[in-house]
Number of protein chains: 4
Amino acid sequence: MARPLSEEKREAILAAAAELIATSGTGASTASIAKAAGVAEGTLFTYFATKDDLLNQLFLEIETNLAQTMMAAYPAKGGSRERIRHLWDRLIAWGAANPTWRKVLRQLKVSGRITAESRRRSNALFRESRELVEQSMAGHVDPERMSFYIDTVLIGLADMTIDAMAASPKKQHEHLKQAGFDLYWKGTAV
Amino acid sequence: MARPLSEEKREAILAAAAELIATSGTGASTASIAKAAGVAEGTLFTYFATKDDLLNQLFLEIETNLAQTMMAAYPAKGGSRERIRHLWDRLIAWGAANPTWRKVLRQLKVSGRITAESRRRSNALFRESRELVEQSMAGHVDPERMSFYIDTVLIGLADMTIDAMAASPKKQHEHLKQAGFDLYWKGTAV
Amino acid sequence: MARPLSEEKREAILAAAAELIATSGTGASTASIAKAAGVAEGTLFTYFATKDDLLNQLFLEIETNLAQTMMAAYPAKGGSRERIRHLWDRLIAWGAANPTWRKVLRQLKVSGRITAESRRRSNALFRESRELVEQSMAGHVDPERMSFYIDTVLIGLADMTIDAMAASPKKQHEHLKQAGFDLYWKGTAV
Amino acid sequence: MARPLSEEKREAILAAAAELIATSGTGASTASIAKAAGVAEGTLFTYFATKDDLLNQLFLEIETNLAQTMMAAYPAKGGSRERIRHLWDRLIAWGAANPTWRKVLRQLKVSGRITAESRRRSNALFRESRELVEQSMAGHVDPERMSFYIDTVLIGLADMTIDAMAASPKKQHEHLKQAGFDLYWKGTAV
DNA sequence: TATGAATGAGCCTTCATTCAT
DNA sequence: AATGAATGAAGGCTCATTCAT
């Protein structure tokens, strides 16, 4: 049945797209992406119907990875603080390990090219871990502020912390990670 | 009899640019901006040498306004908490009053088109108010964390708070503003 | 164990090509034709070396069918008028029965992609019937005008008549067919 | 008020388009048209918003010219036959003088890119001359066949006649023109 | 100075054809 | 023989910038 679509190529395209979008924004041309991925211009379109399709799939790819990281790492046991702390460490580690993806996410979120459908799917990916976080925070925070603390602040603050780390010498990293967590934990206490 | 550049036109162009960039990103065409400003395509280039120039001036225009707002509002007297609280309220009010500018800032910051020079100037604009904040926070926070709390977190958290407010019914606004401030104040306490 | 080319597939491709070319012109993509024919994109090229080859074969397929219709129907006996009239009826019936093919022929003729060779073969297909028509018209027309009346006008006028019929309510069809024939017969009389 | 749109350039583009479309069909690229017209690729789009727009304007340009030719030439006096004959001569002369336009018209009509609006405008252009023809033919033809004779056959037959002329040596031209007219006049007689 | 036509590089996408499977 | 992924040359159109008026 002819040559099958190569998962390898698909990922090469997504990786090339990530690299270029992190650098030049979503304006990066499909031609440059194809070239960086080592395929012909036309080939990109056998893997992704349109550029928007590529952008949305890239978005979901990254969100999936992040969601999996959060889930995989969530501790089943321990006190609230320890569990959230562990999650926090994971979040920071993920961001530090994936600077390109962070930049891409920022570009995509601001691009106006991520569809409502993609956002819905992304939310679904985080549903489970979000619920675990909510349980862990239950006794610690004012219930009325729960959504704000989890849906808005948690990842946003982690993001800011990683930014600060990226702009600082390595020896300060641990210190900043602690400062970020303290801010979150103390700040959210009822 | 060289007619002088009209400040009125310059501002019309900046305003039109803000509106369109908020909506469509920095990809908004100079032609569309000129049209929205009510001037000819070519006229835009007698006020701004290049599109990047326009973008950078717009960036500084907005940052200047925000910096002035912060300075103008800073209370000379009162306890630390009250002064920071007042600043916080100002920040939130500015964001709520200028949703377009907030969107533009976000677009410009990820666009990769704001020069190092512009960023430096922007920092300079905030120097004075930053110092006042530092004084107010002096006894309250661990000095080693001062820069993180002021340079990274303060505006970032205000931004997130405004986002959350924008996504909520009006009757929750006050509550969110309070939640944001509590988070900041309690979280930064030594 | 070379599988022989399947006549069935060849015709499926030609039929699909006819359908799509009638609708979208010769710009119809080979991919869309293959899909409509239920074969793979590449398969089309094992049956037709190039798109132009497909177009030319389609042209000849239709011309062959029309020529056969004309020959098969030509009455051996009867007066000139009756024989031409019978032919006329055949022509009209063929056109009414094969609207897609008529559209395709029109597209192909203006496409500039039908080779001189194909046109020559097409002429050859009509040679015999053309001679019969010439014999039937012999006493009726000025010999110097014979070629014009047969080679240019006959099919052209039939074409126009079918167009007019297609644009009219059914009850007028017979009337138009008669009008067309009258025009031809009376108009060509010496 | 800056450089005004140049009617000269507009017509150069239309002329270049006509030349290329006559030769290669509506598939002629906008790049090749611009080049042939001696303007930059982008310039074409300041005169015609889209390629379809160019095609439709070209269509109307040609139809307008033909309609004007017919009107300008229509004799106010004389018998029916003489008036139709005069019109016939005009039609043939126009076709012989404008072989490129005839080819273009054929291409455009078959292209599926002429809008309903353009066809409606085209009809409007011919309304007046059509009425004059109808008056001239009034006593000569069966009223029920009037529309068929005027709207379908007249121009179609002239077209065919010009084709035959174009394919014949010059000394036969007059003869063919006569043969075409005879066919029309005698054929339409009641 | 203000205008908007002119420019041509660049963008996303399509397509006939080839070739690995 | 059949399949459909791979290819890269176009194609239509947009856009920042220049320049004649």
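The area buried between chain B and chain A is about 2200 Å² in this predicted model, with 67% of that area coming from carbon and sulfur atoms. Buried area here is the accessible area (1.4 Å probe) that two parts lose on being put together, summed over both. The size of an interface is often given in this way, as the accessible area lost when the parts come together. Residues are numbered from 1 along each chain as its sequence is written, and chains are lettered from A in the order in which they are written. Because the model is predicted, local features need pLDDT of at least 70 and side-chain atom pairs count only at pLDDT 80 or more, while totals for chains, interfaces and linings use all residues; side-chain values use heavy atoms, with hydrogens and water left out.

Chain B and chain A each give 28 residues to the contact, where contact means heavy atoms within 4.5 Å. Two salt bridges are found across this interface, a salt bridge being a side-chain nitrogen of Lys or Arg within 4 Å of a carboxyl oxygen of Asp or Glu. D182(A) forms a salt bridge with R145(B), with the closest N and O atoms 3.0 Å apart. On the side of chain B that touches chain A, two or more residues come from each of α6 (99-111), α8 (146-166) and α9 (173-188) of chain B; helices are DSSP runs (H or I, at least four residues), numbered from the N terminus. The largest share of this side, 11 residues, comes from α9(B).

Within chain A, the domain assignment gives domain 1 (1-48) and domain 2 (50-188), the bounds coming from an automatic or database domain assignment. The centres of the two domains of chain A, taken over C-alpha atoms, are 27 Å apart. In the contact between these domains, 19 residues of domain 1 meet 16 residues of domain 2. Domain 1 and domain 2 of chain A bury about 1400 Å² between them, 68% of it on carbon and sulfur atoms.

One salt bridge is found across the interface of the two domains of chain A. The side chains of E61(A) and R10(A) meet in a salt bridge at 3.0 Å, N to O. The side of domain 1 of chain A that touches domain 2 of chain A takes at least two residues from each of α1 (7-24), α2 (30-37) and α3 (41-47) of chain A. Its largest share, nine residues, comes from α1(A).
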